[in-house]
Amino acid sequence: MAVCTGLIVANLYYCQPLIVLIAKEFNIPEANAGTITYLTQAGYAIGLFFMVPLGDKIERKRQIVLTTFASVIALIIAATAKSFLVLEIASLLIGITSIVPQLILPLAASLSENHERGKVVGTIMSGLLVGILLSRTLSGFIGQLWGWRAMFWIAAGLCMLILVLIQKQFPFNKPIFEGTYGQLIQSLFSLIKEQPLLREATLINVFCFAQFGAFWTTMVLLLSGDPFQFNSATIGLFGIVGASGALAAPLVGRLGDKGGARVAVGYGGALIALSFVVFYFSIQSVIGIVIGIVLIDIGIQSVHISNQTRVYSILPEARNRMNTVFMSFSFLGTAAGSAYGLFLWQIGGWHAVTVGCLFLSALAFLVYAFTYKQNRNL
């Protein structure tokens, strides 16, 4: 499950190191080419909201197989795009159909014992984070060697292999919800209204994911310009540095099993804020950027896994729907953060991006502080 999660979520991030190459082929500004990064994230949020809840109503393995096949089709459309508009549409579709990890996680949670759920979620999230970060390294090298289209062809092939693996290895999982699809979607809003822990965890994730999206989108623009002038392969190497955050995932999951999940959220938020302080002073320093990447990825891992473990601890019969609310808003945060980062880049460059992200950190800590008494033991 961790392997499948990592390889499928990678679809969302292959495009990031390829922005410069795509801009050159379609003869458009690099900042404009960057729109595909937040279109992909927005598509992911749409897929999460409208498709993941079905995991509580229809058999999960069947949904995972069909959605993975749809992802293959979307990747082929991107690989063969003759115009940037078609690539934008394909990017949205790639996002919508790459929600399989968020179908796998509730399935894994439902198969695990209560006292090991955090560890299980953490292990699968390790695969997810490795996929997110190493996807950038892989696409950077492939783009440099064979062009950006080759990466989408390779991704389609990987998804076909994953589809076969899922069909052979994943267990059958009986759905619980017996109402209509309309009632299923309506129940999402009821969960938001009735579950204060869900609201708190989701809002903190939104602000943290926005920072994550802003950084990884604008970092490409920073490293491709003066004084670095790095090509896509070199930029992709920075994803390997970020994979260090995956090492923290099982440890954070175990902490959640011992009742320390909310504490881990606080420490994770502090690491994210510290990373942008480091980034601010690293506009000409590769070492500083590397240190900042390690901090932000361990921080985002701590916040995300801890919040997800907390959300899974309530209403087992509604895990897919709880995950839908939690993840769809989180990735809307990533999409908005990517657009926010590009906007800040255009008005003030790297320093504007880092200061703007520190402002988002402050908002996350305000939510954390105001909900401390109410949810401090959850």
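Helix 2 is followed by Asn 27, whose phi is positive, near 55°; helices here are DSSP runs of H or I with at least four residues, numbered from the N terminus. The model is predicted, with local features requiring pLDDT of at least 70 and side-chain atom pairs pLDDT 80 or more, while totals for chains, interfaces and linings use all residues. Residues are numbered from 1 along each chain as its sequence is written, and side-chain values use heavy atoms, without hydrogens and water.

Asn 27 lies in the loop between helix 2 and helix 3. With a relative accessible area of 72%, Asn 27 is exposed (buried is under 20% relative accessible area, exposed over 50% and partly exposed in between, with a 1.4 Å probe and protein chains only). A positive phi near 55° in a residue other than glycine also occurs at Gln 229. Gln 229 is found in the loop between helix 11 and helix 12 and is exposed, at 52% relative accessibility.

In helix 2 (residues 19-26), the buried residues are Ile 19, Val 20, Ile 22, Ala 23 and Phe 26. Seen down the helix axis, they fall within an arc of 165°, so they line one face of helix 2; the arc is taken over the directions from the axis to the C-beta atoms. These buried residues pack against helix 3 (30-33), helix 4 (35-51), helix 6, helix 9 (148-169) and helix 11 (196-224), contact meaning heavy atoms within 4.5 Å.

The largest nonpolar core holds 82 residues, and Phe 215 and Phe 331 have the most contacts inside it. Helix 11 gives the largest share of this core, 16 residues. Another core, of 25 residues, lies apart from it and includes Ala 74, Phe 84, Ala 150 and Ala 156. A nonpolar core is a set of buried Ala, Val, Leu, Ile, Met, Phe, Trp, Tyr and Cys residues joined through side-chain atoms within 4.5 Å. Leaving aside residues up to four places away in sequence, Phe 215 touches Phe 276, Phe 279, Ile 293, Ile 296 and Trp 350.

Helix 6 supplies the largest share, four residues.

Key
Helices (H or I, at least four residues) and strands (E, at least two) are DSSP runs, numbered from the N terminus.
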